[in-house]
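Here are my notes on the model you sent over. Have it open while you go through them.

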Amino acid sequence: MLYSLDQARQMDREDALSHLRNEFYFPQHDGRDTIYLCGNSLGLQPKGVKAALDHELEHWKTHGVEGHFRGDMPWMYYHKFLTKQAANIVGARESEVVVMNTLTVNLHLMMVSFYRPKGDRYKIVMEAGAFPSDQYAMESQVRFHGYDPADAIVEIAPRPGEDCLRTEDIVEVINREGDSIACVMFAGVNYYTGQLFDMATITKAGHAVGATVGFDLAHAAGNVPLHLHDWGADFAVWCSYKYMNSGPGGPSGCFVHERHENNPELPRFAGWWGHDEGSRFLMEKGFIPMKGAAGWQLSNAQVLSMAAHKVSLDMFDKVGMQALREKSIRLTNFIEALIEDLNQKGHNFNIITPKETKDRGAQLSILTGPEGKQMFDYLAANGVICDWREPNVIRVAAVPMYNSFEDAWHFVNLLRTFSN
Ligand SMILES: *Cc1c(COP(=O)(O)O)cnc(C)c1O
């Protein structure tokens with residue numbers, strides 16, 4: 001190995017964030033912490049979550065319905081206590097963000113408002129190989145408006161022999177499709193390859209042809225620094241249970257750019273929680289949306305899952321995305337360097353994630369050969385939790401909040417012993 005286990009441990013001692021690991025529960029394997037490299041799928045449980053949930057259960061037990069108005073975080077306003085921190089994660093102003101629902105639901109709500117096909121402008125441009133839920137969402141949106149997905153959805157695929165997209169190709173397709181595009185909807189980070197897209201350039205290109213532009217940040221939020229406001233995207237959605245450690249089915253976040261915040265004419269599917277707060281409880285006819293992203297809310301806050309999310313947001317707030325990103329880059333580069341060294345010594349691991357730091361987050365996707373499934377099983381049998389994505393990719397994400405250089409070292413060492 002290019003670095004010894006001792007060297008990896010030394011890196012952990014020098015890492016200013018290494019203590020954060022102690023704030024999480026690790027699933028156990030043979031009496032030891034697993035090597036958990038699956039934070040891109042479900043982040044680990046922060047130890048503070050239980051107390052936060054207990055607090056809300058106590059509140060409910062003690063106050064019943066009055067809990068909506070009592071205590072330091074009354075349920076009536078619960079979502080608001082998350083807004084500022086969530087906005088920091090995605091680089092947005094407070095009025096541009098709301099935490100609500102779950103991810104695919106929010107994607108549909110955003111498409112209702114921002115995919116408004118008309119005449120010859122009806123297409124959606126997206127990356128080929130997007131997460132299935134996004135594919136289904138786009139397909140059903142297109143059909144809902146009476147179009148044929150085969151014609152109305154334009155997927156941009158990598159060039160033959162390549163695994164990832166080139167920004168110039170994305171821009172080229174947007175320019176070529178031009179006036180026919182109603183909406184450009186891209187992932188921030190592709191779930192399969194781990195490619196981080198150039199969202200600033202994609203937004204600019206989409207707007208230049210008169211389309212709306214939105215992003216699904218499921219694999220980007222809490223993973224890489226984001227600047228949604230400055231990039232000027234029209235909308236974005238993300239989940240909180242991957243890099244943000246907020247628990248299974250955790251709440252989603254939603255961004256609507258402030259240029260849309262004062263436009264009550266924008267079509268939307270409405271619910272009472274999006275109605276003007278001052279008159280919400282007059283229970284009258286006639287929907288008056290709240291200003292900003294909050295005006296897209298349907299329902300009252302999912303307090304229990306939001307309480308877990310709040311614990312995680314507090315941690316992100318304390319550490320800061322900048323410090324997390326710096327460690328993330330070092331960890332990911334460390335794994336890559338170890339693997340490349342193995343390849344020089346005759347192994348053959350094919351990382352399809354882009355090589356440049358600016359083009360990726362924490363995840364590395366390793367394309368496997370016929371022995372792939374066996375390798376995955378070997379890793380699992382030796383206490384590694386990572387994931388397998390059909391048809392033949394092993395995804396690993398070293399998460400800066402809780403993974404160590406030692407974790408990274410053990411993982412690559414197991415790759416080595418498997419194929420020796
Ligand atoms: C994880 C993920 C989802 C999951 O959607 P849910 O509605 O939270 O179940 C959707 N889209 C992308 C791109 C994802 O990575």
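1. Helices here are DSSP runs (H or I) of at least four residues, strands are E runs of at least two, and both are numbered from the N terminus. As for α11 itself (residues 321-344), its 24 residues should span 34 Å at 1.5 Å a residue, and the end C-alpha atoms are 34 Å apart, which agrees. The expected span is 1.5 Å times one less than the number of residues.

2. Some ground rules. This is a predicted model, where local features need pLDDT of at least 70 and side-chain atom pairs count only at pLDDT 80 or more, while totals for chains, interfaces and linings use all residues. Numbering runs from 1 along each chain as its sequence is written, and side-chain values use heavy atoms, with hydrogens and water left out.

3. D30 is not a glycine, yet its phi is positive, about 50°; it sits in the loop between β2 (28-29) and β3 (32-33). The peptide bond joining E390 and P391 is cis, with omega about 5°, and P391 falls in the loop between β16 (387-389) and β17 (393-397). Most residues other than glycine have a negative phi, and most peptide bonds are trans.

4. Now the ligand. Around it are L103, T104, F131, S133, D134, D216, A218, H219, Y241 and K242, each with a heavy atom within 4 Å. That shell splits into 4 nonpolar, 3 polar and 3 charged residues, with Tyr and Ala counted as nonpolar and Asp and Lys as charged. Both α4 (103-114) and α5 (132-144) supply at least two of the shell residues.

5. Which side chains make polar contacts (N or O pairs within 3.5 Å) with the ligand? Y241 comes within 2.5 Å of a ligand oxygen, H219 lies 3.2 Å from a ligand oxygen, and D216 is 3.2 Å from a ligand nitrogen. The protein covers 83% of the 390 Å² of accessible area (Shrake-Rupley, 1.4 Å probe) that the ligand has on its own.

6. Finally, the domains, whose bounds come from an automatic or database assignment: domain 1 is 5-33 + 320-419 and domain 2 is 53-318.

How values were computed: A polar contact is a pair of N or O atoms within 3.5 Å; within protein, one must be able to donate a hydrogen and the other to accept it, and residues adjacent in sequence count only if both atoms are side-chain atoms.
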